[in-house]
Amino acid sequence: MAEARSKPPRPPASLKAETPFWREKSLEAMSPQEWESLCDGCGRCCLLKLEDEDSGEIHYTDIGCTLLDAGTCRCRDYARRQRRVPDCVRLTPEAVRTLPWLPPTCGYRLVRDGRDLPWWHPLVSGTRRTVHEAGISVRGRVSGTEEEFETEELPDRIVDWPGQDPGSEDPAGGDPQGGA
């Protein structure tokens, strides 16, 4: 009986070196699905912001937009958000290049600036949980929605954390909480 010749084994698909789309495409070249996937779901951009009229400095508050679900860090009516909240800003490549208030952890901002996505971004980690586990999201930090506060209370609700990047390095080489 003749011995059957087999083909050399193929490397598993996971070992093939494919460059992620966000490293090789411009913001304008991304498909709608790719564009939407750049959002890490942190909810920081859905916090009310105040702009200092003299300096132009942006100050984040711990107050969410009326449509922000503070538990999931998602919009309650994403498809109709601009109809329901007229001043909701639709992110486009042009807007991403000009908006001064995108958080430093924002995937759109990182790609705009030629930086890579951090370990906790869902496109890298494969799960939406890591944005919360890494302390990036607004989960547990929102005091309420804009209907719950008077305009004159807004300056008292200014917080620093949305404009900060707690670090994009995985502190323990795998566990975002730094544990074993």
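Student: Let's start with the rings. How many aromatic pairs are there here?

Tutor: The count comes to two aromatic pairs. Keep in mind that this is a predicted model.

Student: How should I read a pair like that?

Tutor: A pair of aromatic rings is described by the distance of the centres and the angle of the planes. Take F21 and W22: their ring centres are 5.4 Å apart, and the planes stand at 85 degrees, so this pair is edge-to-face. Planes over 60 degrees apart count that way.

Student: Are F21 and W22 buried or exposed?

Tutor: F21 counts as buried because its relative accessibility is 15%. W22 is buried too, with a relative accessible area of 10%. The cut-off to remember is that buried means under 20%.

Student: And what is the arrangement of W35 and Y108?

Tutor: Those rings have centres 4.5 Å apart and planes at 45 degrees, so the pair is tilted. W35 sits in helix 2 (residues 32-37) and Y108 in helix 5, so the contact ties together parts that are 73 residues apart in sequence. W35 has 9% relative accessibility, so this residue counts as buried. Y108, at 4%, counts as buried as well.

Student: Let's step back to the whole chain. How many helices and strands does the protein chain have?

Tutor: You'll find seven helices and six strands. Going from the N terminus, the order is α-α-β-β-β-β-α-α-α-α-α-β-β.

Student: What share of the 180 residues is buried?

Tutor: Buried residues account for 36% of them.

Student: Now the charged side chains. How do I spot a salt bridge?

Tutor: Look for a side-chain nitrogen of Lys or Arg within 4 Å of a carboxyl oxygen of Asp or Glu. By this rule the model has nine salt bridges. One of them joins D116 and R23, whose closest N and O atoms are 2.7 Å apart.

Student: Where do D116 and R23 lie?

Tutor: D116 is in the loop between helix 5 (107-112) and helix 6 (122-125), while R23 belongs to helix 1 (residues 21-24), so the bridge ties together parts that are 93 residues apart in sequence. D116 is partly exposed because its relative accessibility is 37%. R23, at 51%, is exposed.

Student: What does K25 pair with?

Tutor: K25 forms a salt bridge with E34, and their closest N and O atoms are 2.8 Å apart. K25 is partly exposed, with a relative accessible area of 30%. E34 counts as buried because its value is 15%.

Student: Which residue does R80 bridge to?

Tutor: That would be D77, with the closest N and O atoms 3.0 Å apart. R80 is partly exposed at 43% relative accessible area, whereas D77 is buried at 12%. Salt bridges with shared partners also join D77, R80 and R84 into one network.

Definitions and conventions. Residues are numbered from 1 along each chain as its sequence is written. This is a predicted model: local features need pLDDT of at least 70, side-chain atom pairs count only at pLDDT 80 or more; totals for chains, interfaces and linings use all residues. Side-chain values use heavy atoms; hydrogens and water are left out. Helices (H or I, at least four residues) and strands (E, at least two) are DSSP runs, numbered from the N terminus. Buried means under 20% relative accessible area, exposed over 50%, partly exposed in between (1.4 Å probe, protein chains only). Rings of Phe, Tyr and Trp (its six-membered ring) pair if their centres lie within 6.5 Å; planes under 30 degrees apart count as stacked, over 60 as edge-to-face and the rest as tilted.
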